[in-house]
Amino acid sequence: MSSRSSRRGIEAVSAAVLAMSRHQEVREVLQTIVTSARELLDAEYAALGVPDDHGGFAQFVVDGVSDDQWKAIGPLPRQHGVLAAMLHEATPQRLADVKEDPRFGGWPSAHPDMADFLGMPVVDGDEILGALFLANKRCAPRPPDGGCAFTEEDEELLRTLAAHAAIALTNARLYERSRELTLAGERARIAHELHDAVSQKLFSLRLTAQAASALVDRDPARAREELKQVAALAAEAADELRAVVVELRPAALDEDGLLATLRTQVDVLDRAHSARVSFGHRHVRALPAAQEEAVLRVAQEALHNALRHADAASVAVLLEGRGRGAVLTVTDDGRGFDPSAVRRAGRHLGLVSMRDRADGVGGCLTVDSAPGRGTVIEMEVPGG
């Protein structure tokens, strides 16, 4: 390999590794690996399969195949033939024509025709994380037989990329696991809040109702006052329960996207509370999944504060596109507070959690509030 081509290869691998490191979701990492590999080795097609424990693939991503082609191909491949050799034996496969290999078992009629083939297992220690493969090397000028071939240099580049891909994929899995643990912690917090807030109110309601019952005959006027208190406590308990139900309701980000999910949650809160809760958006583009989840959680926390602590008559949620990213603004006309006084008192109203969520996705959070003039929470995320 010449020093010039070696330098180009190193630069290309470096660019691919940086692209992988920008993503944290497993699916995004897989797609970036595949796209980077296809561009790096100048192939027509690329794919990466993550095996399951049943002879198939838990995930399978492709590059170079259109959505219509992918749908027409049909079910995912099984772990057989050349794929099985990479997954079960952890051996690279470089073939002049995959169809001529004795292990080749054919493919569906809609499958694109492939000839030269280069495959590389993605390995972390003794664990085979997946199989990365490329087909149909592009070359110019075309040889007389119309075919090209992956070289030993290509194989070494793909080996290097696969080693970095293993690190990126492992990190993405760890990140998703940490999110699962965070979600479990969130649910534990909500359960604790349900016990502390709702249970106490229901207990107070029961005692007040008993007191009213005892006073009905000897002090009707006072009994009426106690019954008013029963009604107030019941309303408060209902509000607490509604808020908890909204927080426990799974966010449909994967199915519906951020805008639809925010709109749904705002509509639920608008119906559940006497305050007017509204939602608007302008020029919002798709964000990385981690950023969308952070925006949703911060919006939920800000709404929770406005409706349960600020005594707001109206709350407005606005999501606006800004460059490649977006800005979330939650504005209420409630009683407001002094942020510095809240910190000194050891109460945070979820501000620490919101800032942590913003920081965790490379964003920033600002809080503008003062006693008597409401609160504005603004969160900006960078996009992808």
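What share of the contacts in the protein with a separation of 6 or more comes from residues 24 or more positions apart? Such residues account for 61% of these contacts, a contact being heavy atoms within 4.5 Å. The structure is a predicted model, in which local features need pLDDT of at least 70 and side-chain atom pairs count only at pLDDT 80 or more, while totals for chains, interfaces and linings use all residues. Residues are numbered from 1 along each chain as its sequence is written, and side-chain values use heavy atoms, with hydrogens and water left out.

The protein has ten helices and ten strands, taken as DSSP runs numbered from the N terminus (helices H or I, at least four residues; strands E, at least two). Of its 384 residues, 42% are buried (buried is under 20% relative accessible area, exposed is over 50%, and partly exposed is in between, with a 1.4 Å probe and protein chains only). The accessible surface comes to about 20,300 Å², and 52% of this surface belongs to carbon and sulfur atoms; the areas come from the Shrake-Rupley method with a 1.4 Å probe.

Strands β9 (residues 364-369) and β10 (residues 375-381) run antiparallel and are joined by six bridges; strands pair if DSSP finds at least two bridges between them. Threonine 366 has glutamate 378 in β10 as its bridge partner. Five residues lie between the two strands of this hairpin, where glycine 372 takes a positive phi near 90 degrees.

Aromatic rings were examined next. Five aromatic pairs are counted (rings of Phe, Tyr and Trp, the last by its six-membered ring, with centres within 6.5 Å; planes under 30 degrees apart are stacked, over 60 edge-to-face and the rest tilted). One of them is the stacked pair of phenylalanine 60 and tryptophan 70, at 6.0 Å centre to centre and 5 degrees between the planes. Because phenylalanine 60 lies in strand β2 (residues 57-63) and tryptophan 70 in helix α3 (residues 67-73), the pair ties together parts that are ten residues apart in sequence. Phenylalanine 60 is buried at 8% relative accessibility, whereas tryptophan 70 is partly exposed at 27%. Phenylalanine 60 also pairs with phenylalanine 133; the ring centres are 6.3 Å apart and the planes at 50 degrees, so this pair is tilted. Phenylalanine 133 belongs to strand β5 (residues 127-137), and the pair therefore ties together parts 73 residues apart in sequence. Phenylalanine 133 is buried, with a relative accessible area of 11%. Phe57, Phe60, Trp70, Phe117 and Phe133 form one aromatic cluster.

Arginine 282 and glutamate 320 form one, with the closest N and O atoms 2.3 Å apart. This pair links distant parts of the chain, from strand β6 (residues 276-282) for arginine 282 to strand β7 (residues 314-322) for glutamate 320, 38 residues apart. Arginine 282 is partly exposed at 42% relative accessible area, and glutamate 320 is partly exposed at 21%. Aspartate 101 is buried at 12% relative accessibility, whereas arginine 103 is partly exposed at 33%.

Note on methods
A salt bridge is a side-chain nitrogen of Lys or Arg within 4 Å of a carboxyl oxygen of Asp or Glu.
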